[in-house]
Amino acid sequence: RGTCHGALLSALADVHLGRLAATSTTPPLALVTAHLGLDYISSAPIGAWLEAVGQVDRIGKTLAHSSGRILADGRIALRCAGVFQVTSRPVPGRNA
């Protein structure tokens, strides 16, 4: 159909939002996706340059929240928000 499949945009959003949250601490957190909210805004034509932008909204004891957008040639294609379960945290004074 000449456009990027929505599942590819979803996978990009999931990986991007998770990495944003995980790498917001030193050392990085171990996270798994608990919820991924997606709003498809417009199509991404095949061959378009895809770019993920986002922010960390909150890092708590058990959950991390981040949100962002996937752009196709600079135009918003997808709005996304993720909630991630913290599966392990670094122990102070202990090397991993």
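Colleague: What makes C80 buried?
Modeller: Its relative accessible area is 4%. Buried means under 20% relative accessible area, exposed over 50%, and partly exposed in between (1.4 Å probe, protein chains only). The value 4% falls under that cut-off, so C80 is called buried.

Colleague: What kind of model is this?
Modeller: This is a predicted model, where local features need pLDDT of at least 70, side-chain atom pairs count only at pLDDT 80 or more, and totals for chains, interfaces and linings use all residues. Residues are numbered from 1 along each chain as its sequence is written, and side-chain values use heavy atoms, with hydrogens and water left out.

Colleague: Why is S10 called buried?
Modeller: Because its relative accessible area is 19%, S10 counts as buried. S10 sits in helix α1, residues 6-22. Helices (H or I, at least four residues) and strands (E, at least two) are DSSP runs, numbered from the N terminus.

Colleague: What does S10 touch?
Modeller: Setting aside residues up to four places away in sequence, S10 touches L36, L38, Y40 and L78. Contact means heavy atoms within 4.5 Å.

Colleague: How do you know that the span of α1 is close to the expected one?
Modeller: The expected span is 1.5 Å times one less than the number of residues. Helix α1 has 17 residues and reaches 24 Å from its first C-alpha to its last, close to the 24 Å expected.

Colleague: Which parts cover the buried residues of α1?
Modeller: The cover includes β1 (30-40), β2 (50-59), β3 (63-72) and β4 (75-88). Among the buried residues of α1 is G18, with a relative accessible area of 13%. Beyond its neighbours within four places in sequence, G18 is in contact with L31 and F84.

Colleague: Which residues touch the most other members of the largest nonpolar core?
Modeller: A nonpolar core is a set of buried Ala, Val, Leu, Ile, Met, Phe, Trp, Tyr and Cys residues joined through side-chain atoms within 4.5 Å. Of the 13 residues in the largest one, A13, L31, A64, I70, L78, C80 and F84 touch the most other members. Helix α1 supplies the largest share of this core, five residues.
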